[in-house]
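This report covers how the parts of one model pack together. Please look over the sequence and structure before reading on.

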There are 2 protein chains.
Amino acid sequence: MTGAAGFIGSNLVDRLLARGEPVVGYDNFSTGQGRFLETALRNPGFGLIRGDVLDLDALRCAMQGAETVYHLAANADVRFGADHPRRDLEQNAIATWNVLEAMRLNGIGQMAFASTGSIYGEAPVIPTPEDCPFPNQTSLYGASKLAAEGLIAAYGETFGMRASIFRFVSILGERYSHGHVFDFYRQLLEHPDSLRVLGNGHQKKSYLYVQDCVDAIFCAMNADAEKVTVLNLGTDEYCEVNDSIGWICGRLGMQPRLEYTGGDRGWIGDNPFIFLDCKRMRSLGWAPKYSIRESVVKTVEYLVENRWLLESRG
Amino acid sequence: MTGAAGFIGSNLVDRLLARGEPVVGYDNFSTGQGRFLETALRNPGFGLIRGDVLDLDALRCAMQGAETVYHLAANADVRFGADHPRRDLEQNAIATWNVLEAMRLNGIGQMAFASTGSIYGEAPVIPTPEDCPFPNQTSLYGASKLAAEGLIAAYGETFGMRASIFRFVSILGERYSHGHVFDFYRQLLEHPDSLRVLGNGHQKKSYLYVQDCVDAIFCAMNADAEKVTVLNLGTDEYCEVNDSIGWICGRLGMQPRLEYTGGDRGWIGDNPFIFLDCKRMRSLGWAPKYSIRESVVKTVEYLVENRWLLESRG
């Protein structure tokens with residue numbers, strides 16, 4: 001598993017180990033956290049390799065003997081593409097090619113890939129199904145994930161690999177370490193009486209709890225799938241940024257003054273409405289157990305108990 | 001113009017120069033031909049730089065002072081992706097990122113990009129419009145062009161560039177130097193009495209004459225366009241491989257025995273039916289002047305008069 005020390009990756013590691021499946025984790029610890037793997041490292045079924053997904057040879061060696069590759073390593077930062085325009089290309093597109101090539105060299109025939117609803121850009125159809133009209137890319141992050149998806153599909157077709165591509169909404173829950181709940185909580189620790197909100201607060205977004213996400217990955221990987229399967233992954237609801245702020249502040253018992261930067265987008269490439277049609281995933285028998293509100297609250301509670309994470313992320 | 005010494009590129013160079021527009025050509029001559037630029041090189045408005053699209057710094061220097069970038073350099077080989085799986089990624093995706101980044105560094109705000117109908121994979125809607133259902137990639141070539149398109153759209157959105165993305169069918173005409181007419185003609189020179197045909201000959205494909213293609217590029221670049229415009233480019237007809245064989249053999253006065261390799265695809269990732277809906281391009285006032293049959297015949301005539309090209313392509 002690439003990105004094994006990351007938010008979603010480390011949760012997936014723990015769940016795979018709990019099912020008795022041995023896992024080799026691969027991470028460069030650029031954003032991954034050693035502490036996320038503390039439990040895993042006590043399990044004899046877990047191995048950990050410090051390596052970079054841009055290092056094809058190290059990847060190839062790390063994958064020896066694997067049956068399935070979970071490719072979660074990524075630059076997961078949607079917002080700052082303009083500040084470092086090559087990062088998304090390298091960390092998402094070229095890295096995915098390296099993963100595919102390492103799989104091919106090792107004869108590994110199955111993978112799971114963490115993609116994103118951001119590849120729909122500003123979808124004309126909401127809720128957005130997997131086969132919605134061919135979208136225009138609006139962020140370097142989305143474009144680089146689209147590139148990765150295309151490479152996976154083409155490798156699948158060309159070399160006979162099976163792949164499950166998951167287009168996630170934003171994921172929340174334990175070990176969450178990046179995104180709006182994180183940013184808001186950090187702001188409120190620094191100045192409890194005011195909160196700066198990008199945009200007008202009416203951006204509509206979907207979220208999913210990380211354990212529901214892992215359930216879905218297991219469910220989809222168990223299903224008898226076509227060569228390449230694309231699956232949206234989210235809840236059947238969305239909320240406004242303002243809703244989320246209300247839940248966060250409610251849980252923390254705070255009433256900050258809200259300062260909106262204005263406009264219907266928080267940043268260039270921000271999507272004012274993300275809501276995915278997840279019928280395809282649900283048809284496999286999966287359903288989320290937690291609402292967006294519950295996920296937000298659980299995330300706040302996790303951050304409150306894990307202040308070290310805010311410090312470690314500068 | 002990247003790929004200025006290529007088939008489409010060199011035709012576009014000649015037409016731009018004929019309109020009095022100065023052009024700097026950029027090519028590494030890996031498949032480009034110096035002879036294609038013989039006319040251009042006699043024009044004082046033309047400059048030529050030998051360079052590679054993987055060399056960002058050379059690209060950046062070559063683009064100084066340019067207003068518009070025509071990005072035609074590519075690995076245009078759809079068929080052999082499996083033999084060198086990194087080539088498409090490098091020549092199409094990473095190279096396009098380099099072109100975009102060189103444009104950004106030079107403050108250049110407009111580009112034209114040669115994409116392909118192959119990005120539709122095996123489209124469920126035929127004729128296929130630009131906003132057809134989100135396709136699955138079936139070739140490394142298509143996937144790498146999709147990646148390039150996504151990067152262009154994201155750069156356009158993020159950095160305020162305008163771009164026209166052209167999804168070509170196969171182009172035919174003068175300086176054509178790769179594809180089925182080329183392969184068939186070469187076979188017939190070697191053994192006039194037999195022709196090996198990949199697949200069953202019933203694959204349905206669309207083609208466009210290169211001067212019609214250049215007309216369309218000019219027409220679209222003149223139009224008041226949105227930030228990023230995607231345009232299919234083809235004729236309102238298609239033909240079977242067998243039709244094309246008939247026109248080729250007819251023009252050459254040959255009657256070879258046809259040997260089919262069988263199956264409805266010529267190779268892994270071959271698309272048995274390519275036919276694009278070109279209403280969007282036609283709505284700008286463009287229409288092709290030549291039929292597929294005329295384009296095939298003109299291509300054969302060009303190859304007959306330019307046997308050196310068959311030798312130069314090994």
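How are H1(B) and H7(B) set to each other? H1(B) and H7(B) are oblique to each other, where oblique is what remains once angles under 35 degrees count as roughly parallel, over 145 as roughly antiparallel and 65 to 115 as roughly perpendicular.

## Basis of the model

This is a predicted model, in which local features need pLDDT of at least 70, side-chain atom pairs count only at pLDDT 80 or more, and totals for chains, interfaces and linings use all residues. Residues are numbered from 1 along each chain as its sequence is written, while chains are lettered from A and ligands numbered from 1 in the order in which they are written.

Chain A has an average pLDDT (the predictor's confidence in each residue, from 0 to 100) of 95, and 99% of its residues score at least 70. For the complex, the predictor gives an ipTM of 0.91 and a pTM of 0.94.

## H1 and H7 in chain B

Helices here are DSSP runs of H or I with at least four residues, numbered from the N terminus. H1 (residues 7-18) and H7 (residues 210-222) of chain B pack at about 60°, with axes 10 Å apart; axes are lines fitted to C-alpha atoms over the stretch in contact, and angles run from 0 to 180 degrees between N-to-C directions.

Ile8(B), Asn11(B), Leu12(B) and Arg15(B) of H1(B) make the contact with Val210(B), Cys213(B), Val214(B) and Ile217(B) of H7(B). Contact requires C-beta atoms, placed from the backbone, to lie within 7 Å.

## The two copies

The same surface serves both copies, as 100% of the contact residues of chain B recur in chain A.

## Between the chains

In chain B, 32 residues are in contact with 32 residues of chain A. Helix H4 (85-106) and helix H5 (140-159) of chain B each supply at least two residues of the side that touches chain A, and H5(B) gives the most, with 12 residues.

H4 of chain A (residues 85-106) packs with H4(B) at an angle of about 180°, their axes 12 Å apart. H4(A) is therefore roughly antiparallel to H4(B). Pro85(A), Leu89(A), Ala93(A), Trp97(A) and Glu101(A) meet Pro85(B), Leu89(B), Ala93(B), Trp97(B) and Glu101(B).

Technical notes:
Two residues are in contact if their C-beta atoms, placed from the backbone, lie within 7 Å.
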